[in-house]
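Please open the structure in a viewer and keep the selection tool at hand.

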Amino acid sequence: VPAGRQWLFETKYDGYRCLAAIAGDQVRLYTRAGNDWTSQFATVVPALSKLTTGTALIDGEICAFKDGRTDFSALKDALSNGDPLVYFAFDLLEQDGEDLAGLPLLDRKERLKKLLGMPNRDAPIQFSDHIRGRGEEVFAEMCRLGLEGVIAKRVDAPYYGERTKAWLK
């Protein structure tokens with residue numbers, strides 16, 4: 001586990017990676033492979049369509065829960081039967097025509113948090129919060145809770161769109 005305050009740590013969710021492209025009330029949701037899965041992830045579209053009157057490109061993870069944890073089999077079931085989904089947003093790549101990908105991660109996350117506001121715990125869109133530093137402690141707690149894992153990210157890194165040495169699983 002990387003050490004130092006130049007790293008932040010986020011929960012690794014057990015779901016589908018998804019880019020949300022928002023233009024006012026129009027929303028398109030894309031898988032990591034670039035497939036348009038807006039109809040499959042339709043339960044989160046209404047909440048995303050209310051985030052801004054402008055534009056935004058958000059990176060995150062679509063999840064479903066089983067026994068209080070994100071669970072991939074629960075996600076597959078939810079996609080089949082229309083159960084609720086949750087979109088954990090962890091990065092903001094564009095906002096109102098401004099390319100944010102080159103900004104440091106902490107700056108992008110602050111802008112994302114401001115865009116999302118303070119959703120309640122049951123909202124379909126959630127901010128993927130982080131802990132800065134204390135990686136060993138975060139990792140131990142994730143293991144203790146039996147969660148999927150942890151993602152370590154450099155606080156000063158631009159957005160690469162893929163795992164690099166600046167993003168470690």
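The stops below cover strands, cores, a pocket and salt bridges.

**Before starting**

The model is predicted: local features need pLDDT of at least 70, side-chain atom pairs count only at pLDDT 80 or more, and totals for chains, interfaces and linings use all residues. Residues are numbered from 1 along each chain as its sequence is written, and side-chain values use heavy atoms, with hydrogens and water left out.

**Stop 1**

Select strand S2 (16–23) and strand S3 (residues 26–31). Helices (H or I, at least four residues) and strands (E, at least two) are DSSP runs, numbered from the N terminus. S2 and S3 run antiparallel and are joined by 6 bridges; two strands pair if DSSP finds at least two bridges between them. Ala20 has Leu29 in S3 as its bridge partner. Now move to the turn: 2 residues lie between the strands of this hairpin, and Gly24 takes a positive phi near 65 degrees.

Thr31 has a relative accessibility of 10%, and Thr31 touches Arg17 and Trp37, not counting residues up to four places away in sequence. Contact here means heavy atoms within 4.5 Å.

**Stop 1: the nonpolar cores**

Select Leu29, Val44, Leu48, Ile58, Ile62, Leu85 and Tyr87, the residues with the most contacts inside the largest nonpolar core, which has 27 residues. Such a core is a set of buried Ala, Val, Leu, Ile, Met, Phe, Trp, Tyr and Cys residues joined through side-chain atoms within 4.5 Å. Among the elements that give two or more residues to this core are helix H1 (45–48), helix H2 (72–81) and helix H3 (105–116). A second, separate core of 7 residues includes Leu93, Ala157, Tyr159 and Trp167.

Centre the view on Leu48. Leu48 touches Ala20, Ile22, Val27, Leu29, Tyr87 and Ile125, leaving aside residues up to four places away in sequence.

**Stop 2: the largest pocket**

Select Tyr13, Phe65, Phe88, Arg121 and Gln126, which lie nearest the centre of the largest pocket among its 26 lining residues. The space in this pocket is about 740 Å³. On a 1 Å grid over the protein atoms alone, a pocket is an open set of points where a 1.4 Å probe fits, with protein on both sides within 12 Å along at least five of seven lines; lining residues have an atom within 4 Å of a point. Grid points are joined across faces, edges and corners, and the volume is the space filled by probe spheres set on the points. Strand S6 (69–70), S7 and S9 each supply at least two lining residues.

**Stop 3: the four-stranded sheet**

Turn to the open sheet of 4 strands, ordered S10-S1-S11-S12 with antiparallel pairing. Strand S10 (131–132) and strand S12 (167–168) are at the edges with a single partner strand each, so one side of each has no neighbour in the sheet. S1 and S10 pair over 2 bridges, and Leu8 has Arg132 in S10 as its bridge partner.

**Stop 4: the salt bridges**

A salt bridge is a side-chain nitrogen of Lys or Arg within 4 Å of a carboxyl oxygen of Asp or Glu, and by this rule there are 10. Select Glu10 and Lys153, whose side chains meet at 2.6 Å, N to O. Glu10 is in strand S1 and Lys153 in strand S11, so the pair ties together parts 143 residues apart in sequence. Glu10 is buried at 3%, and Lys153 is buried at 1%.

Then select Glu148 and Lys12, whose closest N and O atoms are 3.7 Å apart. Glu148 is partly exposed at 41%, whereas Lys12 is buried at 15%.

Finish at Asp59 and Arg17, a salt bridge with closest N and O atoms 2.7 Å apart. Asp59 and Arg17 are both buried.

Key:
Buried means under 20% relative accessible area, exposed over 50%, partly exposed in between (1.4 Å probe, protein chains only).
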